[in-house]
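Please look over the sequence and the model shown here.

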Amino acid sequence: MLGTQYTHGSPCWIDLGSPDPAAAADFYGTALGWEYRPAGGPETGGYGFFHQDGATVAALGPLTEDGAHSAWTVYFRSTDAATTQMVTAAEGGRVRVRAMDVMDAGRMAALTDPGGAEFAVWEAGSVRGLDRTSSPGTLVWVELHTSDPEAALGFYGSLFDWRSATMEAPGMTYRVVSTAGGDQETAAFGGVAELRGPGERSRWIPYFEVADIDATAEAVTGAGGTVLLPAADIPDVGRLAWFADPFGAEFAVLRPTPTG
């Protein structure tokens with residue numbers, strides 16, 4: 001699962017773009033127990049942070065790109081955002097926002113892979129990444145759904161040198177992805193799966209760990225969200241469910257199977 005010792009290619013940040021950040025903050029406060037804090041003055045563009053006991057676990061801001069829809073964006077650590085942007089374009093992806101400084105926090109670029117899934121990269125300055133992961137109420141896993149998993153693995157491999165391992169899951173072949181260094185199983189942080197239907201679009205889905213999937217489902221629907229995939233037990237993985245917030249941003253929750 002995810003850690004906070006971020007290396008090149010590891011998920012290190014996540015933020016939500018929403019047409020109504022105040023309402024979204026209320027929703028996730030109810031659903032996941034987060035506290036929202038604005039970043040500061042007008043130079044931050046309405047951006048702010050979700051906290052858990054004072055630790056930053058996600059972020060939130062208004063929609064800023066033309067035609068954008070409400071969605072979570074996964075950021076991957078890059079040792080050089082400008083180079084990752086250049087490789088993205090060379091490998092058939094698209095640069096939506098060129099590498100830019102975010103005050104002294106770091107540099108970011110917003111990108112799209114050749115299959116149409118949007119993501120971003122983060123070159124750390126004073127902010128390395130999220131303060132807390134892989135515990136209840138925090139990011140624990142990220143998952144790419146795409147029409148061509150093998151092509152996607154080739155693309156992201158050219159950017160980040162990811163490793164992958166194939167496993168059979170109910171109704172699909174699943175690819176578990178890991179960063180380049182260290183033990184491959186320990187370095188695993190996410191997966192790649194084929195699209196499930198003709199109307200589904202390529203995108204990254206964040207998974208947040210929760211202690212009680214069913215209670216979270218009640219909180220989500222009570223706050224105006226939608227259940228996309230009811231709670232289900234997956235052998236050797238855990239119990240999970242998929243939701244959409246009131247503005248359509250998709251996310252999943254997971255109670256991992258205990259290890260050891």
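What follows sets computed values against the definitions behind the labels.

This is a predicted model, in which local features need pLDDT of at least 70 and side-chain atom pairs count only at pLDDT 80 or more, whereas totals for chains, interfaces and linings use all residues. Residues are numbered from 1 along each chain as its sequence is written, and side-chain values use heavy atoms, with hydrogens and water left out.

Q: What makes residues 21-32 helix H1, and what span is expected of H1?
A: Helices are DSSP runs of H or I with at least four residues, strands are runs of E with at least two, and both are numbered from the N terminus. H1 has 12 residues. The expected span is 1.5 Å times one less than the number of residues, and H1 reaches 16 Å from its first C-alpha to its last, close to the 16 Å expected.

Q: Which residues of H1 are called buried, and how do you know on which side of H1 they lie?
A: Buried means under 20% relative accessible area, exposed over 50%, and partly exposed in between, with a 1.4 Å probe and protein chains only. The buried residues of H1 are Ala 24, Ala 25, Phe 27, Tyr 28, Ala 31 and Leu 32. They cover an arc of only 165 degrees around the axis, which puts them on the same side of H1; the arc is that of the directions from the helix axis to the C-beta atoms. On the other side of H1, Ala 22 and Asp 26 are exposed.

Q: Why is the pair Arg 96 and Glu 118 called a salt bridge?
A: A salt bridge is a side-chain nitrogen of Lys or Arg within 4 Å of a carboxyl oxygen of Asp or Glu. The side chains of Arg 96 and Glu 118 meet at 3.9 Å, N to O, and therefore qualify. Arg 96 lies in strand S6 and Glu 118 in strand S8, so the pair ties together parts that are 22 residues apart in sequence. Arg 96 counts as buried because its relative accessibility is 16%, while Glu 118, at 36%, counts as partly exposed.

Q: What makes Arg 175 buried, and with which residue does Arg 175 form a salt bridge?
A: Arg 175 has a relative accessible area of 10%, and so counts as buried. The salt bridge of Arg 175 is with Glu 150, the closest N and O atoms being 3.0 Å apart. Because Arg 175 lies in strand S11 and Glu 150 in helix H3, this pair ties together parts that are 25 residues apart in sequence. Glu 150, at 48% relative accessibility, counts as partly exposed.

Q: How do you know whether Asp 233 and Arg 239 are buried or exposed?
A: Asp 233 counts as exposed because its relative accessibility is 52%, whereas Arg 239, at 16%, counts as buried. Their side chains meet in a salt bridge of 3.0 Å, N to O.

Q: What is the nearest side chain of opposite charge to Asp 113, and what polar contact does the side chain of Asp 113 make with a side chain?
A: Asp 113 is buried yet has no salt bridge, and the nearest side chain of opposite charge, Arg 96, is 8.9 Å away; Lys and Arg count as positive and Asp and Glu as negative, with His and the chain ends not counted. The side chain of Asp 113 makes a polar contact with the side chain of Tyr 156 at 2.7 Å. A polar contact is a pair of N or O atoms within 3.5 Å; within protein, one must be able to donate a hydrogen and the other to accept it, and residues adjacent in sequence count only if both atoms are side-chain atoms.
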